[in-house]
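Subject: Structure handover

Hello,

Here is the structure you were waiting for.

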Amino acid sequence: MGKLKVWFEDNFSKVKFYDYILWKNYLSVLGIISSIVTLISFFATAQSMKINIRCVVTMFIVILILLFMCMWWSANHQKCVRLKINNTKIQIQEGNIFGLLDKEPENRKDEISVIAVNDYYDTIVDDRIIAKKTLHGQYIDRIVQAGKLEKLEHTIETDEILNKEGNCIEVPDRIRGRKIKYSIGSVVEFESYVLAAFTKFNENNKAYLSAEEYTGFWMRFWENIDEIYAGRTINIPLMGAGIARFRNGKPSKQELLEVMLWSLKISGFHNTYGDKQINIVIYKSDIDDLDFYHIQHNQNFK
């Protein structure tokens, strides 16, 4: 009994039996089935077809129960979402944005991938300034191995959009790391990757963010990315789901994703060039923490 309970919780915990959207969709399907049955009844009856009415009713009920179970199972195990927000195609699915790092720059001309960095755009990977296991850390390690660190730092220091007036301040007393601090949501492109200032650093080089700043990040990000994306597909990881520290409690991964989508909608940003879209990449370890079914059917994301 205990194993059955654990299995049930593992497989039916996201979308409950009494879920309103699930039943609404189920009743919509029933409406279609009822219409088909009614149409058939105009041309044939159980008597004329010499069918046992009791067997037919029993089979019909069993089919309806199995249909509901299939829909309920599917809702709980959905792992991909396709939306259209501001006429922009959005695809949310499992993936690994590190895999995109293996592509050569010439093979990434029609897409850009976003890397979350701290607000200093640091390049020291030592598990103090930048943790090696973060996307930021692995990206910098690859840049160092390719011998392009000086080129990246030069791009950061000279990029007109990143260094525009009012977007950065100098912090001369900072002991380690870069001494220019940029506004949250700032972006700079380097070889088809966009480094986005996502977390703030305190005096102890600890990255942090508040829920309000997370929302503010996305609003400024969509505004800034609009200046540089040039009609290309945009690949974005679920930012904040990793080791980022949040003040006053960390939002759930579901909440992080929903804020991201909501901010996209109200920002007015759109990418409607040909077959281009926004890909939101979800790591395999985060899939089970997300309810894709309710995102797919959320009217706020239509």
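This is a predicted model: local features need pLDDT of at least 70, side-chain atom pairs count only at pLDDT 80 or more; totals for chains, interfaces and linings use all residues.

Cores and surface

The largest nonpolar core has 42 residues. Those with the most contacts inside it are I92, F221, W222, I225, I236 and L261. Helix α7 (residues 211-225) supplies the largest share of this core, 6 residues. Another core, of 24 residues, lies apart from it and includes I115, Y193, A207 and V281.

Not counting residues up to four places away in sequence, W222 touches I236, M260, S263, L264, S267, F269 and I278.

M69 lies in helix α3 (residues 53-76) and counts as partly exposed, at 36% relative accessibility.

Two buried polar side chains

N11 belongs to helix α1 (residues 2-12). Its relative accessible area is 13%, and buried means under 20%, so N11 is buried. The N11 side chain makes a polar contact with the side chain of H77 (2.9 Å). Leaving out residues up to four places away in sequence, N11 touches W73, N76 and H77.

R174 is in the loop between β4 (168-170) and β5 (180-182). R174 is also buried, with a relative accessible area of 9%. Its side chain makes a polar contact with the side chain of D122 (2.8 Å). Apart from neighbours within four places in sequence, R174 is in contact with Y120, D122, I129, K179, F201 and N205.

Salt bridges

The structure holds 12 salt bridges. In one of them, D119 pairs with K181, with the closest N and O atoms 3.9 Å apart. D119 is in the loop between β3 (111-118) and α5 (135-145) and K181 is in strand β5, so this pair ties together parts that are 62 residues apart in sequence. D119 is buried, at 1% relative accessible area, whereas K181 is partly exposed, at 22%.

K253 forms salt bridges with D286 and with D289. For D286 and K253 the closest N and O atoms are 2.6 Å apart; the pair links helix α9 (residues 284-287) to helix α8 (residues 253-267), 33 residues apart. D286 is buried, with a relative accessible area of 7%. For D289 and K253 the closest N and O atoms are 3.0 Å apart. D289 lies in the loop between α9 and α10 (292-296), so its pairing with K253 in helix α8 ties together parts 36 residues apart in sequence. D289 is partly exposed, at 43%.

Finally, a network of salt bridges links K148, K151 and E191.

Regards

Definitions and conventions:
Residues are numbered from 1 along each chain as its sequence is written. Side-chain values use heavy atoms; hydrogens and water are left out. A nonpolar core is a set of buried Ala, Val, Leu, Ile, Met, Phe, Trp, Tyr and Cys residues joined through side-chain atoms within 4.5 Å. Buried means under 20% relative accessible area, exposed over 50%, partly exposed in between (1.4 Å probe, protein chains only). Helices (H or I, at least four residues) and strands (E, at least two) are DSSP runs, numbered from the N terminus. Contact means heavy atoms within 4.5 Å. A polar contact is a pair of N or O atoms within 3.5 Å; within protein, one must be able to donate a hydrogen and the other to accept it, and residues adjacent in sequence count only if both atoms are side-chain atoms. A salt bridge is a side-chain nitrogen of Lys or Arg within 4 Å of a carboxyl oxygen of Asp or Glu.
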